[in-house]
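Me: I am new to this structure and would like to know what stands behind the terms used for it. Please show it first.

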Amino acid sequence: MEGAAMGKGRQFSLGCVVVFVALFSLIVGCTNKTDNDTSQSSSLVMQGKELFMNYCVHCHGPSGVGDGFNALYLDPRPRDLTDSIEVFMGDLSNDDIYGMILSRDIMDPEESERLLDEALENDTELPFLVPPAMPTFKYTLSDAERWTLVAYLRTLHKNDAPQVDIPATVSTTRPIVSGRKVPSWDMAEEEKITLVERGKALFSDKYNCVGCHMIAGYGGKVGPDLSQSGRRLASDWTYQWISNPQAISSDTKMPNLGLSENEAKAITLYLGTLVSPSTS
Ligand code: HEC
Ligand code: HEC
């Protein structure tokens with residue numbers, strides 16, 4: 001529906017501009033500012049900006065250059081989304097940005113649990129080769145919201161880019177994770193030890209929770225320091241929170257990371273073991 005509001009007649013001329021700019025950049029080897037920046041539908045862009053300022057700015061910075069207050073704690077650092085030095089965004093299609101980046105997903109939970117157990121048992125390397133420095137927003141935002149983010153990101157870089165047309169059938173509802181039943185915390189000590197170890201690996205290596213949370217002086221600063229979770233947080237609450245933060249606080253900056261029930265259980269148990277005084 002929103003797509004209908006976008007100018008269709010621009011597509012042909014935009015295509016020419018894109019081809020021209022691509023050729024021009026190839027030949028001259030530099031970026032080229034055009035006045036296309038102002039052509040995006042302003043309401044899409046405004047919606048995207050609002051989301052960016054809530055969910056992205058702490059890492060990517062207000063201009064998108066990658067200098068958010070939390071960027072310092074990330075490795076790799078957030079990419080420069082303004083293409084100020086090298087062209088990156090300018091080479092991506094809107095679908096690329098939408099599909100590959102904003103809904104980036106990590107391994108299927110069951111598959112990852114299997115690999116993780118295997119690695120822990122055999123004491124081999126953890127299976128998550130590239131822990132995502134950037135959290136997924138697949139479980140937090142609606143498809144339509146992610147398109148508005150694409151529209152906003154397109155205004156941050158100077159290279160010309162195709163206009164963002166939201167597909168007519170796009171869903172405007174956020175993914176729903178209905179209330180999960182809290183599991184039993186009663187278990188044999190051995191099982192608990194295994195789950196805690198698994199939770200720790202999931203926390204830092206699969207979901208990169210450390211990108212936003214500090215534990216014992218290491219990690220990001222978007223969310224609270226979790227060094228004393230075991231003292232401060234009740235397991236039932238922690239389990240509900242990490243399973244679906246938006247159900248408890250609709251505008252929280254913490255995305256829903258799509259944890260499976262077993263993963264949420266393991267991470268809750270791990271956080272419950274953290275009782276050391278904070279060093280930060
Ligand atoms: C916890 C910090 C963090 C948050 C929050 C975050 N990003 Fe990122 N983002 C990164 C990092 C780090 C990278 C580069 C590393 C990588 O590619 O994994 C990145 C990369 C990107 C890229 C470039 C693609 C790429 O593969 O390098 C885009 C586009 C992007 N982010 C958009 C967003 C948007 C939109 C939001 C908010 C909805 C957001 N990011 C929130 C840290 C973050
Ligand atoms: C993009 C940043 C970000 C990521 C990634 C993130 N969190 Fe959070 N987290 C937050 C923010 C911000 C809060 C504070 C929530 C609020 O007050 O709205 C929070 C709150 C929490 C809390 C409650 C802490 C307290 O003292 O109240 C827990 C527990 C938690 N996060 C666990 C996790 C776990 C586990 C992961 C990884 C699976 C994770 N977080 C990933 C940003 C993040």
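This is a predicted model: local features need pLDDT of at least 70, side-chain atom pairs count only at pLDDT 80 or more; totals for chains, interfaces and linings use all residues.

Me: What makes up the chain, in helices and strands?
Reply: The chain has 11 helices and 2 strands. From the N terminus on, the order is α-α-α-α-α-α-α-β-β-α-α-α-α. Of the 280 residues, 32% count as buried.

Me: Why is V222 called partly exposed?
Reply: A residue is buried with 20 or more other C-beta atoms within 10 Å of its own, and exposed with 12 or fewer. V222 has 19 C-beta neighbours inside 10 Å, so V222 falls in between and counts as partly exposed.

Me: Where does V222 lie, and which residues is V222 in contact with, leaving aside its neighbours within four places in sequence?
Reply: V222 sits in the loop between strand 2 (218–219) and helix 8. Apart from those sequence neighbours, its contacts are H58, N70, C212 and K253.

Me: How do you know that the length of helix 6 agrees with its number of residues?
Reply: The expected span is 1.5 Å times one less than the number of residues. For the 12 residues of helix 6 (residues 143–154) this should give 16 Å, and the end C-alpha atoms are 17 Å apart, which agrees.

Me: Why is helix 6 called largely enclosed by the rest of the structure?
Reply: The reason is that 10 of the 12 residues of helix 6 are buried, so the helix is largely enclosed. Among them are the charged residues E145, R146 and R154. W147, T148, L149, V150, A151, Y152 and L153 are buried as well.

Me: What makes a set of residues a nonpolar core, and which residues have the most contacts inside the largest one?
Reply: The members must be buried residues of the listed nonpolar kinds, joined through C-beta atoms within 7 Å. The largest such core has 22 residues, and W147, V150, A151, Y152, L153 and V164 have the most contacts inside it. Helix 2, helix 4 and helix 6 each give two or more residues to this core. Helix 6 provides the largest share, 6 residues. A second, separate core of 21 residues includes L116, Y207, L226 and L269.

Me: Which residues is V150 in contact with, beyond its neighbours within four places in sequence?
Reply: V150 is in contact with N94, I97, Y98 and V164.

Me: What surrounds ligand 1?
Reply: There are 25 residues around ligand 1, with C56, C59, P78, A133 and M134 the closest. By class, this shell has 19 nonpolar, 4 polar and 2 charged residues. Helix 2 (42–55), helix 3 (57–60), helix 4 (94–102) and helix 6 each supply at least two of its residues.

Me: Which domains supply the shell around ligand 1?
Reply: Domain 1 (2–103 + 141–154) and domain 2 (109–132 + 176–272) each give at least three residues to this shell.

Me: What makes up the shell around ligand 2?
Reply: The shell around ligand 2 divides into 16 nonpolar, 7 polar and 2 charged residues. Of its 25 residues, C209, C212, G223, T252 and M254 come nearest. Helix 8 (229–232), helix 9 (235–243) and helix 11 (261–272) each supply at least two, and helix 9 gives the largest share, 3 residues.

How values were computed:
Residues are numbered from 1 along each chain as its sequence is written. Chains are lettered from A and ligands numbered from 1 in the order in which they are written. A residue is near a molecule or strand if its C-beta atom, placed from the backbone, lies within 6 Å of it. Helices (H or I, at least four residues) and strands (E, at least two) are DSSP runs, numbered from the N terminus. Domain bounds come from an automatic or database domain assignment. Two residues are in contact if their C-beta atoms, placed from the backbone, lie within 7 Å.
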